[in-house]
Amino acid sequence: TYLDADPAKVCTAGQGLAPEFTELAARHPKVVPERITLLCVGQLSVKKNVAWLVRVVSEGVVSGALPPMRLVIAGGRGHGYADIAAALREAGGLVEWRESPPLAELVGLYCSSTAVVLPSLREGFGRPILEAMVCDKPIVASRIPATLELAGDGAEFFSLGDRSEFYEA
């Protein structure tokens, strides 16, 4: 009604995945890595809670609260990157960062991970959840409205800032 448009000519479409992603994912072999590998995809920014994730995984592995594993982060630099870079340096070889990987590499990262982690403080949508689902990967996500709505019962959730819930998930 705002645009005075004919409703019969209006189509609502939500966010989704690029056909190229789904085609590559369908053709890519799903691999079970020898070493547990968590994948976090998204911009390295404060709202994505990446520094917290790096520190919690690193501390969990060192303390024995988590089994030996590696964390792979795929995404470009964003707001608050300096703190994330410091966390990455502190974690040493436990964490691998792939800065803005091309689509084929990103699909390969999904398909060769053990699980996908989305620790965001807030999300507009949460596309990595859809991408993980297309690649048949388990999902561990922060318990926020966007992830709850998108993943439903298709993920294990943890409360923001709660490392024991994260470890359990």
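I looked up Arg77 to begin with, and at 48% relative accessibility this residue counts as partly exposed, where buried means under 20% relative accessible area, exposed over 50%, and partly exposed in between (1.4 Å probe, protein chains only). I note that this is a predicted model, in which local features need pLDDT of at least 70 and side-chain atom pairs count only at pLDDT 80 or more, while totals for chains, interfaces and linings use all residues. Residues are numbered from 1 along each chain as its sequence is written, and side-chain values use heavy atoms, with hydrogens and water left out.

**Salt bridges**

I then asked which residue forms a salt bridge with Arg77. The partner is Glu99, with the closest N and O atoms 3.1 Å apart; a salt bridge here is a side-chain nitrogen of Lys or Arg within 4 Å of a carboxyl oxygen of Asp or Glu. Glu99 lies in the loop between β3 (95-98) and α4 (103-111) and Arg77 in the loop between β2 and α3 (81-91), so the pair ties together parts that are 22 residues apart in sequence. For the element names I kept to DSSP runs, numbered from the N terminus (helices are H or I with at least four residues, strands are E with at least two). Glu99 is itself partly exposed, at a relative accessible area of 42%.

I found that the structure holds 9 salt bridges, including the one between the side chains of Lys48 and Glu123 at 2.7 Å, N to O. Because Lys48 sits in the loop between β1 and α2 and Glu123 in the loop between β4 and α5, this pair ties together parts 75 residues apart in sequence. Lys48 counts as buried at 12% relative accessibility, and Glu123 counts as buried at 15%.

I also looked up Arg163 and Glu59, whose side chains meet in a salt bridge of 2.3 Å, N to O. This pair links distant parts of the chain, with Arg163 in helix α7 (residues 163-168) and Glu59 in helix α2, 104 residues apart. Arg163 is partly exposed at 36% relative accessibility, and Glu59 is partly exposed at 40%. Separately, I recorded a network of salt bridges that links Arg70, Glu96, Arg98 and Glu105.

**Strand β1**

I checked the cover of strand β1 (residues 36-41) and found 5 of its 6 residues buried. Strand β1 pairs with strand β2 (residues 69-74) in the parallel sense over 6 bridges, pairing being called if DSSP finds at least two bridges between two strands. From β1 the chain crosses through helix α2 (residues 50-63) to β2 in a right-handed β-α-β crossover, that is, one whose path from the first strand over the helix to the second runs clockwise with the strands pointing away from the viewer. Strand β1 also pairs with strand β4 (residues 115-118), in the parallel sense over 2 bridges. Leu38 has Leu71 as its bridge partner in β2 and Ala115 as its bridge partner in β4.

**Backbone angles**

Where does Asn49 lie? I placed Asn49 in the loop between β1 and α2, and its phi is positive, about 65°, although it is not a glycine. Most residues other than glycine have a negative phi. Asn49 counts as buried at 10% relative accessibility. Asp136, in the loop between α5 (127-134) and β5 (139-142), has a positive phi of about 60° and is not a glycine either, but Asp136 counts as exposed at 62% relative accessibility.
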